Amino acid sequence: MYQAFLIKYGEIGVKGKNRHIFEDTLVSQIRNALKPVDGEFLVRKENGRVYVEAGADYDYTETVEALKKVFGVVGICPVVLLEDDGFEKLSQDAVRYFGEAFTDAEREGTFKVVARRARKNYPMDSMQISAALGERLLEAYPTLKVDVHNPQIVLHVEIRNQINLYSKTIPGPGGMPVGTAGRGMLLLSGGIDSPVAGYCIAKRGVRLDAVYFHAPPYTSERAMEKVVDLAKIVARYAGPIQLHVVNFTDIQLYIYDRCPHDQLTIIMRRYMMKIAEHFARENGDLGLITGESIGQVASQTMQSLAVTNEVCTMPVYRPLIGFDKQEIVDIALKIGTYETSILPFEDCCTIFVAKHPVTKPNLKSILKSETHLMEKIEDYLKEAVETAQTIRVEAR
């Protein structure tokens, strides 16, 4: 019965003079999300509302699932759009809508009508419309009961250029449309945390690029495929991702041979950040994004994060910094990355882990250890950057 959806947004509504920019981006993101969906769609905005109008043959469930992945969407309302042919016609349409949208059992419950007259030339005000339509519905369905405080059914009637009838709001992901807050470079691994970090930062409107550090033969091709699969899942929400795959083996082995083993993770992490910054600058990214959370592992203590940050000249965004592991797992389950993340294919972060890593590294000590790398490290960094493979990852 629904040939259109009313799309509700949240924060966009308080953007003042820039609001139209966010609305236009949201419309663009909705159009992109609906491209793989069977059917023809018209996405338009009108007086603070965004509408998706569908052709005769479309998949309702597939359409709703696509819209639920568009950041900036707070609610998805299947709506009936009516021409204004007078109140008598509106009341007939409302009675018919109630008969089609709700079961007999539901029509034995409580309801109320909430009317909004956005077009002030309509001859009845909002209170009059609500009362009159409520009366017509009670006449048509005597088993209904009015409850203005806690109704089981709320029928919304909005008097606009067309009249909107709807009673259901499907929650959207919220946030801001992707592309309204610049670009960021995500350090993506095969673990649970970094895909969730990418999702969370994209929810604030940031478009994602990503870098993955591969260490053949210590990591398999399947490990890289796992990361690509994770990027495809994140791309459902964030849009296409440019994934830079960096061969990190020579750098890791060199650090392993020349540096104290309890400092391996920190020093490797510092060189990963340097390489990530290189690609971030090439792509016009405004910062690095990681899945780090304070105290989760030895390399994520406050002291370790401070030492890692020291090597960076760009801002480092850590959206999961205050999350505990279960909170991160819950988001991973919600967005569909968890099952892929726990597949048993190790990435380079887990191969060269010391038995007893330093948890409170001293920057002077780390810098002193890095002087042992000066002979060849720049050559290895240059080779890693020049041989990196770039993959455009689309949503799966």
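V311 is buried, with a relative accessible area of 14%, where buried means under 20% relative accessible area, exposed means over 50%, and partly exposed covers the range in between, computed with a 1.4 Å probe on protein chains only. This residue sits in the loop between α9 and β14 (316-317); helices here are DSSP runs of H or I with at least four residues, strands are runs of E with at least two, and both are numbered from the N terminus. Leaving aside residues up to four places away in sequence, V311 touches R270, M273 and K274, a contact being heavy atoms within 4.5 Å. V311 and P260, by comparison, are 51 residues apart in sequence and 19 Å apart in space, C-alpha to C-alpha.

The model is predicted, so that local features need pLDDT of at least 70 and side-chain atom pairs count only at pLDDT 80 or more, while totals for chains, interfaces and linings use all residues. Residues are numbered from 1 along each chain as its sequence is written, and side-chain values use heavy atoms, with hydrogens and water left out.

Helix α8 comes next. Just after α8, G284 takes a positive phi of about 80°.

Side chains of opposite charge can pair when their charged atoms come close. R269 forms a salt bridge with E292, with the closest N and O atoms 3.4 Å apart, a salt bridge being a side-chain nitrogen of Lys or Arg within 4 Å of a carboxyl oxygen of Asp or Glu. Because R269 lies in helix α8 (residues 264-283) and E292 in the loop between β13 (288-289) and α9 (302-310), the pair ties together parts that are 23 residues apart in sequence. Both partners are buried, R269 at 15% relative accessibility and E292 with a relative accessible area of 1%. Elsewhere, salt bridges that share partners join R19, E23, D24 and K45 into one network, and a search of the whole structure finds 25 salt bridges.

Helix α3 (residues 87-101) holds both K89 and D93, which are four residues apart, about one turn of the helix. An α-helix has 3.6 residues a turn, so residues three or four places apart point the same way. The side chains of K89 and D93 meet in a salt bridge of 3.0 Å, N to O, and D93 also forms a salt bridge with R96, whose closest N and O atoms are 2.2 Å apart. D93 and R96 are three residues apart in helix α3 and therefore separated by about one helical turn. D93 counts as buried at 6% relative accessibility, whereas K89 is partly exposed at 33% and R96 is partly exposed with a relative accessible area of 43%.

As for cysteines, a search of the whole structure finds zero disulfides, a disulfide being a pair of cysteine sulfur atoms within 2.5 Å. C77 counts as buried at 0% relative accessibility, and C259 counts as buried at 6%.
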